[in-house]
Amino acid sequence: MFLSETAPISMSNSDSVAPQALASTSLFLADEAATQALAQQLSAIFSDYFSNSYENNPDENKSARVYLKGDLGAGKTTFVRHFLKVMGVQGRIKSPTYTLLETYNLSSLYLYHFDFYRFTDTDEWLDAGFRENLGENAIVFIEWAEKAGPGLPLPDLELYLIYESAGRTAQFNAFSEKGKTWITQLIHRGTPTSEK
Ligand SMILES: Nc1ncnc2c1ncn2[C@@H]1O[C@H](COP(=O)(O)OP(=O)(O)OP(=O)(O)O)[C@@H](O)[C@H]1O
Ligand SMILES: [Mg+2]
């Protein structure tokens, strides 16, 4: 169950002035099944957003940017894998740890899964030409976005996965109005497998 909306927190990256989150919420993920349930909830919200928002807001650029934070092995790739599976991607889903980017075509939109872990310079994402992927009609997941430095635009949502006993705490922070709406929707939906 989500702990309802919590006090907004600052995003800790290399910015000298950390931006303030517009909304935050967190929940405990006891095991990978709970992570899977959360990925399913977010994919349902995104599917709804991408199918409806054009009619409602014809000028709006349909995009969703989610930056995944957390220590090595916290579950960032696992979350994206479950998200992709529920979106219909079949077969083995590779981690972009070595390739930096894995691209998926989800019928009407693209999904870009980045991993910036191997970057040693904060401008490497620009040199690699990744900026053009960020403004597209696409879902963008970035692991280790903090390696890119302050030139990277803020995400709509940040998902921070934190080790807690045998499971994880998931903290969502919103940095756009869209992201804030999605957090509200997540709170209203709850997560089926996290309720005993
Ligand atoms: N809620 C959870 N509780 C316990 N274990 C989990 C949970 N979610 C995922 N895991 C496990 O934690 C591991 C996460 O590995 P994963 O590769 O997804 O981490 P990562 O954050 O992408 O790491 P990296 O920074 O190296 O890319 C997997 O073994 C997965 O089964
Ligand atoms: Mg990973």
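Modeller: H2 is followed by Gly88, whose phi is positive, near 100°. Helices here are DSSP runs of H or I with at least four residues, strands are runs of E with at least two, and both are numbered from the N terminus. This is a predicted model, where local features need pLDDT of at least 70 and side-chain atom pairs count only at pLDDT 80 or more, while totals for chains, interfaces and linings use all residues. Residues are numbered from 1 along each chain as its sequence is written, and chains are lettered from A and ligands numbered from 1 in the order in which they are written.

Biologist: Which residues of H2 are buried?
Modeller: Lys76, Thr77, Phe79, Val80, Arg81, His82, Phe83 and Leu84. Buried means 20 or more other C-beta atoms within 10 Å of the residue's own, exposed means 12 or fewer, and partly exposed is in between, with C-beta atoms placed from the backbone. Eight of the 11 residues of H2 are buried, so the helix is largely enclosed by the rest of the structure.

Biologist: Switching to H5, which residues are buried there?
Modeller: Gly179, Lys180, Trp182, Ile183 and Leu186.

Biologist: What follows H5?
Modeller: Gly190, with a positive phi near 65°.
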